[in-house]
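Please look through this note with the model open beside you. The points go one at a time.

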Amino acid sequence: MLAGGGFMLGFNWQAGATAVGLNEVPEDFYAINAFLKIAKDGTVTIMSPNPEIGQNVKTSMPMIVAEELDVSWDQVKVKQAGLDTEKYTRQLAGGSQSIRLGWKSLRMAGATARRMLIQAAANRWGTPVSELSTENGRIMHARTGRSVSYGDVAEDASALQIPEEVLLKDPADFKIIGTSRKNVDGSHIVQGKPLFGLDYKKEGMLTAMIVHPPAFGMKLKSIDDAAVRAMPGISDVVIINAKPEGFSGTWSDTNAFPELVAVVGETTWQVLKAKRALEIEWETTSPLENSEDHEKGMQEHIDAGEGAKDRVDGDTAAAFSSAAKIVESTYTAPLVPHNTMEPMNFFADVTAEKAELVGPIQTPENLRTTVSNLLGLPQDKVSVALTRMGGGFGRRLYGNFGVEAALISKAVQAPVKVVYTREDDMTQGTYRPAYKVKYRAALDEDNTLIAFEVKGTGIHGSPVFSNRYPAGTVDNYLAENLRMDSNISTGAWRAPRSNFIAGAEQAFLDEVAEAAGKDPIEFRLELFRRAMSNPVGDENDYDPARYAGVLELVRDKSNWGEEMPGVYRGVSAYYCHNSYVAQVVDLVVENNLPRVKKVWCAVDCGIVVNPDAALNQVEGGIVDGIGHAMYGALSFKDGAPEQNNFHSYRLIRNMEAPKEIETFFVDNGIDPTGLGEPSLPPISGALANAFAKATGKRLYTQPFTGIPDFFDIIPASG
Amino acid sequence: MANYTLRINGELRQVDADPDTPMLWVLRDHINLVGTKFGCGVGQCGACTIHLGDVAVRSCSVPVSSVGDQQVTTIEGLSSDGSHPLQQAWIEHDVPQCGYCQAGQIMNAAALLKQNPDPSDSDIEQGMNGNICRCGTYVRIRAAIKTAAETSR
């Protein structure tokens with residue numbers, strides 16, 4: 001029971017119920033669970049367990065609970081849960097999986113609470129449960145005309161046994177899921193209310209800024225901080241080490257610069273000035289890399305490297321030797337930073353007994369583990385509260401900034417908020433890897449695809465998914481993967497690997513279709529038909545029918561094949577994060593620059609929980625994908641990034657975004673799959689294919705605007 | 001350190017700060033108005049946009065010593081209750097994803113509409129080109145400005 005009356009109900013967020021209908025409630029119902037509560041006045045508070053990075057789960061996850069609870073959405077208040085592994089599992093924002101993996105248990109949570117409320121009313125009235133129904137937070141007994149609000153029976157319900165099984169709604173009866181609901185934080189966002197990590201403040205809090213080595217391959221040698229210590233507002237200068245001898249962290253402790261100098265003081269500006277005034281000597285401990293080295297190394301891999309042959313179907317060498325036509329192309333992309341708009345930051349208040357952490361992080365559980373290990377505090381003495389995040393894109397999977405806050409707070413024995421400058425943020429590492437991939441395709445005399453080879457490499461790993469399309473559609477197939485080492489750290493970046501490989505693959509297939517003299521959509525559909533009727537191999541990790549479905553949908557909606565003067569069209573389709581996306585780009589030329597007039601997008605992500613917010617995600621992924629393909633590049637000289645802020649690193653801006661994006665969702669009633677990432681990967685392929693239509697030139701290297709003759713080959717404005 | 005009397009959102013506020021302290025940090029650290037966001041610190045992203053008089057400026061690049069008695073308006077002062085047509089339009093179009101840049105977008109748009117109450121599509125794109133949205137909500141930002149321009153008429 002909650003103080004003041006009300007109904008606290010635990011539920012297992014990720015419990016594995018399997019089908020709509022009767023579902024077993026797990027035995028550990030109270031023991032491991034999250035909660036919703038219902039107040040006497042009927043207000044329902046639903047906790048949102050997963051980190052909110054702009055993917056809108058703080059709205060959509062509670063919508064699912066509210067649906068099964070059968071309340072009206074305006075009765076619901078949503079609160080962000082902090083890290084609580086007793087109540088929740090997978091409190092992580094990554095892989096577009098929050099809704100997909102939460103779907104069943106979120107529904108169970110609402111349905112179980114509804115069932116208990118009905119039982120409480122049945123007990124009060126002495127009626128069988130089967131005679132009662134619910135609507136908008138009320139329980140009704142039709143035969144007698146009685147009704148009672150959830151708030152009135154909440155206290156009784158909270159004392160009841162958890163039901164052994166509950167009935168989930170028929171999706172046809174959904175009233176909230178599938179309807180557009182506004183972002184629950186929207187009103188606060190537009191009024192500038194404190195929501196984000198950087199906005200967090202606590203009495204007595206100091207500000208800390210870090211100084212990391214200026215280049216990958218360097219470390220701290222010596223520091224002269226005498227002058228800085230005397231600067232106004234400065235309280236301390238400390239050296240911290242997030243990877244002491246013998247410490248082995250988790251995957252999310254990826255960090256090229258564990259040893260840092262930290263300046264601590266009162267205001268941000270005072271600390272920033274002090275940080276700039278520090279005199280630090282660095283020493284080189286490993287080779288200082290250049291972008292040319294990366295390019296050369298990856299090209300050597302592609303030309304002469306022996307990779308792991310991760311999938312071999314048939315005999316590609318034999319097929320190529322008998323081919324009528326061979327198409328061959330190599331695609332490359334550079335390292336890119338995440339550049340969340342809110343720079344890395346975190347709050348920590350560490351004492352001898354406990355550590356209190358607050359801030360924006362996609363992996364709060366990993367942060368707690370690392371801080372617990374480094375500080376020698378038991379896990380239950382380390383708390384992590386989640387703020388809204390000014391973007392994630394994968395960067396906040398790697399919580400070095402949170403660890404740094406804890407170490408600095410411990411060192412200075414005060415609550416501190418670590419604040420990265422944009423320059424710190426952009427030059428710290430954990431980038432989207434640089435990639436290179438070579439494709440080869442063989443066509444026979446009938447222009448049928450008879451062999452397909454892909455060979456990929458990248459910094460710390462290949463982008464190739466060996467069992468994805470077009471694997472399964474061609475008898476002779478080979479996927480070969482290499483990995484290049486570097487002292488530059490890389491990591492997950494929105495739609496990892498897919499963010500590059502989709503565009504490369506889809507641009508290549510366009511070339512193959514052209515060589516085959518076939519319409520690019522029809523060519524792709526032919527391959528899917530093959531995979532549907534007679535798939536090659538049994539490890540293909542996609543459903544060719546759903547793949548073909550989005551392609552057909554975008555073909556029909558965009559009137560593909562229609563000629564429009566001055567409009568150049570390109571298509572692509574891709575599968576990732578359990579969802580299927582196909583896109584058509586309409587490119588025009590304005591002021592001698594290419595401009596995306598319209599993107600047509602078809603998405604199959606199963607049931608769409610919050611349609612307008614889902615459209616927003618899709619639109620954002622498209623803009624993000626176009627932006628990074630066109631402009632994104634971090635280049636290196638002597639181990640140091642050559643770009644460190646938005647004057648030299650170009651992000652897509654308003655004038656460069658598509659004029660219009662129209663999205664169509666496949667309505668198939670399948671349980672929801674990922675949506676935060678899938679619209680991004682294919683768009684660079686559709687864009688490159690449209691560009692090829694306009695100019696006859698294929699774009700092989702990202703960023704496209706970095707291709708030396710990119711602007712020369714734009715046709716004059718029509 | 002120097003003492004400044006600033007006119008912020010219609011109130012007089014006393015601040016002790018170094019003369020070169022950017023208004024961004026005066027607002028966030030000294031006055032606790034954190035709606036104005038830090039994005040780049042070099043006037044390139046627009047997250048810190050405020051108004052000096054009727055003009056949108058990047059507060060990261062405006063030293064407190066240069067403000068004088070000009071009226072400073074921040075997102076918190078655009079309206080007392082979120083009722084400004086742009087704030088309403090932003091909600092109507094459900095513009096934000098992460099939301100971090102949106103206060104700056106709205107402040108920039110508010111100055112744009114003051115200058116040009118009936119902007120064309122191209123006026124909006126050009127006028128908003130200095131504000132980066134990393135989530136890519138540009139299409140909705142444009143639509144919300146259109147809506148606000150209509151409702152303000």
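1. First, a term. Helices (H or I, at least four residues) and strands (E, at least two) are DSSP runs, numbered from the N terminus. This is a predicted model, where local features need pLDDT of at least 70, side-chain atom pairs count only at pLDDT 80 or more, and totals for chains, interfaces and linings use all residues. Residues are numbered from 1 along each chain as its sequence is written, while chains are lettered from A and ligands numbered from 1 in the order in which they are written.

2. Start with two prolines. Pro470(A) sits in the loop between β22 (449–458) and β23 (476–481) of chain A. The peptide bond that runs from Tyr469(A) to Pro470(A) is cis, and its omega is near 5 degrees. Pro703(A) belongs to the segment after α16 (683–695) of chain A. The bond from Gln702(A) to Pro703(A) is also a cis peptide bond. Its omega is near -5 degrees.

3. Now two asparagines. Most residues other than glycine have a negative phi, and most peptide bonds are trans. Asn578(A) has a positive phi, near 70 degrees. Find Asn578(A) in the loop between β24 (568–576) and β25 (579–590) of chain A. Asn32(B) has a positive phi too, of about 60 degrees. Asn32(B) lies in the loop between α1 (23–30) and β3 (49–52) of chain B.

4. Is Asn578(A) buried or exposed? Asn578(A) is buried, because 23 other C-beta atoms are within 10 Å. Asn32(B) is exposed, because it has 11 other C-beta atoms within 10 Å. The cut-offs: a residue is buried if 20 or more other C-beta atoms lie within 10 Å of its own, exposed if 12 or fewer, and partly exposed in between, with C-beta atoms placed from the backbone.

5. Turn to the sheet in chain A. Its 7 strands make an open, mixed sheet in the order β12-β13-β10-β20-β17-β18-β19. Two strands pair if DSSP finds at least two bridges between them. β12 (234–241) and β19 (382–386) of chain A are at the edges with a single partner strand each, so one side of each has no neighbour in the sheet. From one strand to the next, the twist averages 25 degrees. β12(A) pairs with β13 (259–265) of chain A in the antiparallel sense, over 7 bridges. Within this part, Asn241(A) stands opposite Glu259(A) in β13(A).

6. Which helix lies across β17 (345–350), β18 (355–359) and β19 of chain A? Helix α9 (364–375) of chain A does, running at about 150 degrees to β19(A). Axes are lines fitted to C-alpha atoms, for helices over the stretch in contact, and angles run from 0 to 180 degrees between N-to-C directions. Helix α10 (400–412) of chain A runs at about 35 degrees to β17(A).

7. Next, the two chains together. In chain A, 49 residues are in contact with 46 residues of chain B. Contact requires C-beta atoms, placed from the backbone, to lie within 7 Å. On the side of chain A that touches chain B, α15(A) gives the most, with 8 residues.

8. Last, chain B by itself. Chain B is divided into domain 1 (2–78) and domain 2 (85–152). Those bounds come from an automatic or database domain assignment. Taken over C-alpha atoms, the centres of domain 1 and domain 2 of chain B are separated by 21 Å. In chain B, 16 residues of domain 1 are in contact with 14 residues of domain 2.

Technical notes
Two residues are in contact if their C-beta atoms, placed from the backbone, lie within 7 Å.
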